[in-house]
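Reader: I would like a close look at a single part of this structure, the open sheet and the helices packed around it. Please state the cut-offs as you go.

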Amino acid sequence: LSPTLWHESSRGSVAVDEFEDLVQLAEQVREMTLQKIDDALVDLSVMQQTKQLHTRELPKSMDKLATLRGSVRFWCLSLTQKVRESPPVDAFARHALFREIYQHAARMCVELRDSTSTQSTFRQGSEADTNNALPTWWFQQMAAAEEQHPDRTKRASVDSTASVAEFVHRVNKGEYDSPLLDDNQGGFSAVVSTGITFFDSSVDYPMHDALSSQSNSLSHSESSWNRTLVVGSDVPKLGMTKSSHFLELPPALLQWHPSLPPGVDGVVVLVNPSQPTSVVAYSLCSVEYTTQLKDWFVSHDDHLSRPHLLAMLTSDQRSNIEHLFVDDSEFQSATKFGCKSFYATQFHALRQMIEYDERRFVESLCTCETWQVSGGKSGAGFMKTKDQRFLAKVIPSNQMQMFLNVAPKYFEYMGKSIDEGSPTMLSKIVGAYRISIGDATMNLLVMENLVYGRHVDVLFDLKGKMEGRSVADEGGGAVLWDRNFVKMCGGIPMPMHEAAMEVLKTAMLNDSTFLASVDVVDYSMLLGYDRQKQEVVVCIIDYIVKYDLLKRLEHHGKRLLQDEGEITVLNPKQYTKRFQTAMTKYFTPIPSRYSPILPRHDNDM
């Protein structure tokens, strides 16, 4: 009647293939960074050979790139050794290492950008600074002169704004009629490094021959572009790859949004939009969520005592917590996330009372996978956590509202069952959430996985009705129905030990009576059968649909078209009666070695 969720004697560590993924990710970062360094070195070499950049900072930049290359390789080797010698013990430790890889990759990207990129700023204004404006013909003649007399061309650097203004003023006055100058004229045949306005010329002078060919003139009276090339720690990158190239990271790294801030006590939980339960996990260990939860619980000194937990569980106050967060980094576009936890205090108290480790609950939700279920008619989507402990059912908004309406009664019933120790086979819903990823919204119910830790050969979904309840294809892991169950049993009830039958019957009657009291219908019994051990594990599922106006109309409509026994939609009392009667017929008690032997009396004849 209950899954073996936390019965292991020790905590399981992260699988080998998972921490090997970290090694592969680090290698991807290394290869991508080394490729960027190689590209940057090639670009700088081209610039040096074409004489477009003459500065003492260029060799320094190339030395920085060589140093960065060595540090990247050393970091990758160190991380690989660290991961393999001390593998992460749980999902949180793995996520912390993942974030460490991201942070190091981000620092290397920024360092690479700062060592190689050009800070070229373009400013459009109504008037150009004519004091620092060189005419286009100057650069055209300079390019031609370099080709004709490369040995006579001399370059000098102009470092101050005053020197730039003086040089441009002399050119505009006609003192220099050609950029090919002799030593007596000062040798200013250079593209100065700071403060020059390329007036009435194209804003792009990428390579050597572009100075004389690519010119889209702008008149002095019209708007003009001002370009500033800052030489220093930032080397001009004419003709190089765009600066965004240096801010690229592997998609396998960015899809987990590692730039989101850590949670409470520095716990790292990564968020992957393709795994929606990770959004819930991040929210549950966030500072915002835990702070609000503590405000509600720590108001009592005995907030962890069983009576206080029971009082919180049965409280009818809606303690919803909505947490919104955004991942906005320079490495990818911003992504908005949101998680609204319904009845946060009640579900937290429920998980504590059924002795769930809250840390392990969040750890389970960190990763999930789509679970394809065949045989159901609801059409709901399912996800299963990677450790198989929990299921997340995706439901429409109207069904979520139905459950929220009956949630206070559900908490009251669960509190009574736990406190009194009465049997129950309800598949426990341990969390209700509405998450948002970008513009998409999803409603999730997180519940126990009945078959976790057990071997099950076949699953049956039993509603207590034979008409139309048969699955033709009994292979491929499909969930089978009532007729398939009766066929497997050979047309006779499944024998069960008396003690097991008593627990099953009591739990079934308690749960179905409760569901009838809150007008819930369409629930069913999920039964897993282990042929080798001759064991069954059972629970009641899909108990979130209420007998509302639409169900009433559907019931009356089917009464006009179908016989009474074929109608699937019944009112709660009729549905409960049919369910209880059928489940009693599906099973029968038999004596076991633990059954008491009663003495025979003569009047028994």
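Author: What follows describes the sheet, then its helices, then some single residues.

This is a predicted model, in which local features need pLDDT of at least 70, side-chain atom pairs count only at pLDDT 80 or more, and totals for chains, interfaces and linings use all residues. Residues are numbered from 1 along each chain as its sequence is written, and side-chain values use heavy atoms, with hydrogens and water left out.

The protein has 17 helices and 16 strands; helices (H or I, at least four residues) and strands (E, at least two) are DSSP runs, numbered from the N terminus. Of the 605 residues, 47% are buried, where buried means under 20% relative accessible area, exposed over 50%, and partly exposed in between (1.4 Å probe, protein chains only).

Seven strands form an open sheet in the order 3-4-8-9-7-6-5, with antiparallel pairing. Two strands are taken to pair if DSSP finds at least two bridges between them. Strand 3 (321-327) and strand 5 (368-371) each have a single partner strand and stand at the edges, so one side of each lacks a neighbour in the sheet. From one strand to the next, the twist averages 25 degrees. Within the sheet, strand 4 (residues 335-342) and strand 8 (residues 429-437) run antiparallel and are joined by six bridges. Opposite Y433 in strand 8 stands S341.

Helix 8 (residues 277-284) packs on this sheet and touches strand 3, strand 4, strand 5, strand 7 (390-395), strand 8 and strand 9 (440-448). The direction of helix 8 makes about 70 degrees with that of strand 4. Contact here means heavy atoms within 4.5 Å; axes are lines fitted to C-alpha atoms, for helices over the stretch in contact, and angles run from 0 to 180 degrees between N-to-C directions. Helix 9 (residues 287-297) lies across strand 3 and strand 4, at about 160 degrees to strand 3.

Helix 8 also meets helix 12 (residues 358-365): their axes come within 7 Å and cross at roughly 150 degrees. On helix 8 the contact is made by T277, S278, V280, A281 and L284, and on helix 12 by F361, V362 and L365. By class, this contact of helix 8 with helix 12 has six nonpolar, two polar and no charged residues. In this scheme Ala, Val, Leu, Ile, Met, Phe, Trp, Tyr, Cys and Pro count as nonpolar, Asp, Glu, Lys and Arg as charged, and the others, Gly among them, as polar.

Another helix pair is formed by helix 10 (residues 306-313) and helix 13 (residues 397-420), whose axes come within 9 Å and cross at roughly 155 degrees. Helix 10 and helix 13 are therefore roughly antiparallel to each other; angles under 35 degrees count as roughly parallel, over 145 as roughly antiparallel, 65 to 115 as roughly perpendicular and the rest as oblique. R306, L310 and L313 of helix 10 touch F411, M414, G415, I418 and D419 of helix 13.

As for cysteines, a search of the whole structure finds zero disulfides, a disulfide being a pair of cysteine sulfur atoms within 2.5 Å. For C285, the nearest cysteine sulfur is that of C366, 7.0 Å away. C285 counts as buried because its relative accessibility is 8%. C339, at 1% relative accessibility, counts as buried.
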